[in-house]
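Thanks, everyone. Let me put the model on the screen, and then we will start with one residue.

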Amino acid sequence: RCFQPVLIHIQMLWELMLLGEPLVVMAPSPTVSSELVLALTRALPRWALGTGWAPWAGRAFPRMDQGGTGCARGQSVSGAGAEPELSPLSVTGDLPKQVKVKKLAKLKTLDTKPGIYTSYKTFLHKDKTLIKRLLKGIQRKRPSEVQSALLRRHLLELTQSFIIPLEHYIASLMPLQRAITPWKNPPQIRPFCQEDFMKSLEHAGPQLTCVLRGDWLGLYRRFFKSPNFDGWFRQRHREMTHKLEALHLEAICEADIVAWMKDKSEVEIVDLVLKLREKLVRARCQHLPVKEETLQRVGLYIDTIIGSLPEDLQAVLHH
């Protein structure tokens with residue numbers, strides 16, 4: 001219902017949201033504005049909404065540049081709709097008039113004609129098959145729930161086609177499990193190299209799962225410069241770091257702690273106790289993906305190590 005007047009531009013709206021581009025929705029009422037903004041936020045997964053959004057800014061128009069009645073700052077795009085175009089009360093089942101894309105320079109006042117005002121050029125071609133199917137569904141009065149399901153599935157599949165190559169590449173940066181040894185710090189995650197990723201698209205790109213054609217490479221390069229990439233990468237890097245920590249704890253639990261202590265000095269043993277305690281605290285505080293049984297074994301290891309030390313040191317460490 002919200003996207004009916006802009007169905008032919010759904011590809012552009014998806015790209016703008018994916019890239020975290022500034023977007024302002026101008027509408028005749030809070031209801032129309034809020035519904036459209038919320039519909040836009042549901043077009044992408046949570047990681048792609050790092051730039052922040054607000055469904056309505058009241059009358060404080062000057063504050064819209066700080067994320068008011070839209071999905072971020074309004075210098076790039078404004079979708080302005082009049083009552084017959086975007087109001088949910090005016091949807092009659094007839095084929096809705098599609099708003100046009102207009103030059104951003106024409107948006108000079110709030111009182112302007114409905115349209116999408118932007119200087120943005122899409123990277124991917126429109127999915128004409130989907131658009132025709134949705135428009136035909138409107139003509140035949142197909143249930144709104146069915147129409148919404150079609151559109152939602154399309155946007156989900158499009159997003160997955162875009163993100164899967166990134167997920168595969170970042171997974172390749174993870175050190176091999178056999179490189180993780182109990183008595184050394186876990187190996188580092190290899191750095192993300194944009195050019196290496198771009199080369200991987202030749203044989204593992206979105207063309208394998210998506211029929212849409214266009215400048216996928218250009219879209220990825222633009223994505224790398226967006227705040228959404230930064231948010232996605234930080235989240236994935238944090239998850240992989242936690243996984244490495246968990247694997248390291250498991251490696252320690254599988255090691256022979258008594259054999260390791262035989263030729264070690266008291267300083268080295270005390271240092272190990274402190275490090276294991278720190279790992280245990282971090283594992284619980286950060287909710288690392290590690291079994292409770294493993295954490296309990298680490299606790300027993302600490303008790304075993306302390307028990308091998310002189311009484312004065314035991315007292316200090318227990319304290």
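Look at Glu21. Is Glu21 buried or exposed? Its relative accessibility is 17%, so Glu21 counts as buried. The cut-offs are these: buried is under 20% relative accessible area, exposed is over 50%, and partly exposed is in between, with a 1.4 Å probe and protein chains only.

A word on the source. This is a predicted model, where local features need pLDDT of at least 70, side-chain atom pairs count only at pLDDT 80 or more, and totals for chains, interfaces and linings use all residues. Residues are numbered from 1 along each chain as its sequence is written, and side-chain values use heavy atoms, leaving out hydrogens and water.

Where does Glu21 sit? Glu21 lies in the loop between helix H1 (10-18) and strand E1 (24-26). Helices (H or I, at least four residues) and strands (E, at least two) are DSSP runs, numbered from the N terminus.

What does the side chain of Glu21 touch? It makes a polar contact, at 3.3 Å, with the side chain of Arg222. A polar contact is a pair of N or O atoms within 3.5 Å; within protein, one must be able to donate a hydrogen and the other to accept it, and residues adjacent in sequence count only if both atoms are side-chain atoms.

Now H1. Nine of its nine residues are buried. Among them are Trp14, Glu15 and Leu18. After H1 comes Gly20, with a positive phi near 65°.

Finally, the whole protein chain. It has twelve helices and four strands. Of its 319 residues, 46% count as buried.
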